[in-house]
Amino acid sequence: MSGAETILLLVRWWLIIGAMISVAFLFIGIDRIDEDARGAYIFRPLLVPAILLIWPLVLWRWYVLEAGREIWSKHYRPPRASHLVAAILMAAGIGTALFLGLSNRQTWPADIAPERLSAPGEANE
Amino acid sequence: MSVKYVPVQWNRNKWIYDAVMLAGVALFLWIFVELAPGLLSHERPINAPIHNGRAFGACAFVMLTVILCIGPLARLDQRFLPLLYNRRHFGVMTVFVAITHASFIIDWYFNFSPTNKYVAVLSANTDFGQALGFPFEIFGVFALIVLMILSATSHDFWMKFLTPPVWKRLHYLIYPAYAAVVAHVALGVLLDAQNVTFLWIVLIGSLAVATLHLLAAFSETRGSDTRAEGTDWVRICDAHDITEGFAKIARLPGGDRVAVFRQDGLLSAISNACAHQNGPLGEGKVIDCLVTCPWHGFQYDVRNGRSPAPFTEKIPTYDIRLHGSSVMVNPVANPPGTPVDPVPVPQEVLA
């Protein structure tokens, strides 16, 4: 199995586990940890894509809320200081990408005749 | 604001916002595909899947660029706040445009072979050691996954469930995602030296995003707020420094920010962080004891930190007192929704 096939297999299993967790969370968990969700059902399918993608985070938050380990004061501490670091790293990334791209621009060799690199496939024989 | 969750909390402003956004997307695609293909280096004979793939890709890039400009613009100039109001719909629409772009590209460039097309995306080019011919698709894959995560977690449920700080940290992924999008474009379509118009769109757009975010981040560190010292009651400012109907924001020793409001000569102190997305409540205006968050319009009574019924959001309050003309705050926050009697300011202090 190639590296690419292994990655796609892992992605498939990630999504399958996420699907199982989404069933448990949306039918059982959500009513236990959020009073605003009780009696509200139409919005729940909208949550499925996120659970498929970030199910480890969902499990962690579900555990924290179920176990009563929530620290309310942390809710009001926005990570603003991180914005400067994020902005500097993003600007550096943008600058690097533009430099590499602009220094390697090419003119398409439209006047060069095509060259066969490999034998034709079975369908063309 | 929450009572019971609904799929989408529509109102007239959101309908208008979305209608303008959809019209903009349609106009962009029409111009790209029909009106000015020559401007974007499409004078050569290319087929419909490539043309459509490029059109949706360019549209997604421009949308993402606009989205990322809105945040810092609103921080730097409050006149841009209305654009921030419904930005999440803008983001969700961008993801659909980006997925359409990916579908056109994968179904054309990576299809028609015995190899699975998704395997082909990851394995067709693995020359990671060179700039020219780098498998730029991988940057697009990363950005698309991030955009899907951010879009999927945009419902208010996720902000409450994950807590605003965790949600915000998760959504910081947009910064590496945007840098990846620029790399995807720069090492992809921009390598075509004949493509001049899109080169300028990418240069101006990406540099605008980088510049605005750096400006907003640096202005935040300078900040207009006061840093309060000490672990006991801390001095925030003089009472007459607080404008009637508005607040003074201070950073407390523990790192939290408090907003001290003055209304009708009475002082109240609440957390500066909105329960929704930690928006800066201290930049809002108080009317009838209710402060409105400038980001998304959530409201709180400054005397008890509670949203007006039937809404259920709560934020911490702080004990407050006057020492001469100095406003003093207990840096230990009260639990969210705790009532605190407002402190009257004598007229001679305000004079």
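Biologist: What do the buried residues of α6(B) pack against?

Modeller: The buried residues of α6(B) pack against α2 of chain A, together with α4 (87–109), α5 (117–123), α8 (164–171) and α9 of chain B. This is a predicted model, in which local features need pLDDT of at least 70 and side-chain atom pairs count only at pLDDT 80 or more, while totals for chains, interfaces and linings use all residues. Residues are numbered from 1 along each chain as its sequence is written, and chains are lettered from A and ligands numbered from 1 in the order in which they are written.

Biologist: What makes a stretch a helix or a strand, and how many of each are there in chain B?

Modeller: Helices (H or I, at least four residues) and strands (E, at least two) are DSSP runs, numbered from the N terminus. Chain B has 11 helices and 12 strands, and its C-alpha atoms fill a box of roughly 80 × 40 × 35 Å along the principal axes.

Biologist: Which residues of α6(B) are called buried, and what makes a residue buried or exposed?

Modeller: A residue is buried if 20 or more other C-beta atoms, placed from the backbone, lie within 10 Å of its own, exposed if 12 or fewer do, and partly exposed in between. In α6(B) the buried residues include F139(B), G140(B), A143(B), V146(B), L147(B) and L150(B). Over chain B, 41% of the 351 residues count as buried.

Biologist: Why is D192(B) called partly exposed?

Modeller: D192(B), in the loop between α9 and α10 (197–222) of chain B, has 15 C-beta neighbours inside 10 Å, and it therefore counts as partly exposed.

Biologist: Why is α1(B) said to lie largely in the open?

Modeller: Of the 24 residues of α1(B), the number buried is two, and so this helix lies largely in the open. Helix α1(B), residues 12–35, reaches 32 Å from its first C-alpha to its last, close to the 34 Å expected at 1.5 Å a residue.

Biologist: How is the packing of two helices described, and what are the values for α6(B) and α9(B)?

Modeller: Two packed helices are described by the angle between their axes and the distance between the axes. The axes of α6(B), residues 137–152, and α9(B), residues 174–186, come within 8 Å and cross at roughly 145°; axes are lines fitted to C-alpha atoms, for helices over the stretch in contact, and angles run from 0 to 180 degrees between N-to-C directions. Among the residues that meet are F139(B) and L147(B) in α6(B), and A177(B) and V181(B) in α9(B).

Biologist: What kinds of residue make up the contact of α6(B) with α9(B)?

Modeller: They divide into 11 nonpolar, two polar and no charged, where Ala, Val, Leu, Ile, Met, Phe, Trp, Tyr, Cys and Pro count as nonpolar, Asp, Glu, Lys and Arg as charged, and the others, Gly among them, as polar.

Biologist: How many residues does each chain give to the contact between chains A and B?

Modeller: Chain A gives 49 residues and chain B gives 61, two residues being in contact if their C-beta atoms, placed from the backbone, lie within 7 Å. On the side of chain A that touches chain B, the largest share, 15 residues, comes from α3(A), and the residues of that side divide into 30 nonpolar, 11 polar and eight charged.

Biologist: What makes β10(B) and β11(B) a pair?

Modeller: Two strands pair if DSSP finds at least two bridges between them. Four bridges join β10(B), residues 320–323, to β11(B), residues 326–329, and the two run antiparallel. They form a hairpin with two residues between them, and G324(B) in the turn has a positive phi of about 65°.

Biologist: Why are β2 and β10 of chain B said to stand at the edges?

Modeller: The open sheet has the order β2-β11-β10 (chain B), with antiparallel pairing. Since β2 (234–238) and β10 of chain B each have a single partner strand, one side of each is left without a neighbour in the sheet. Four bridges join β2(B) to β11(B), and D238(B) stands opposite S326(B) in β11(B).

Note on methods:
Expected span 1.5 Å × (residues − 1).
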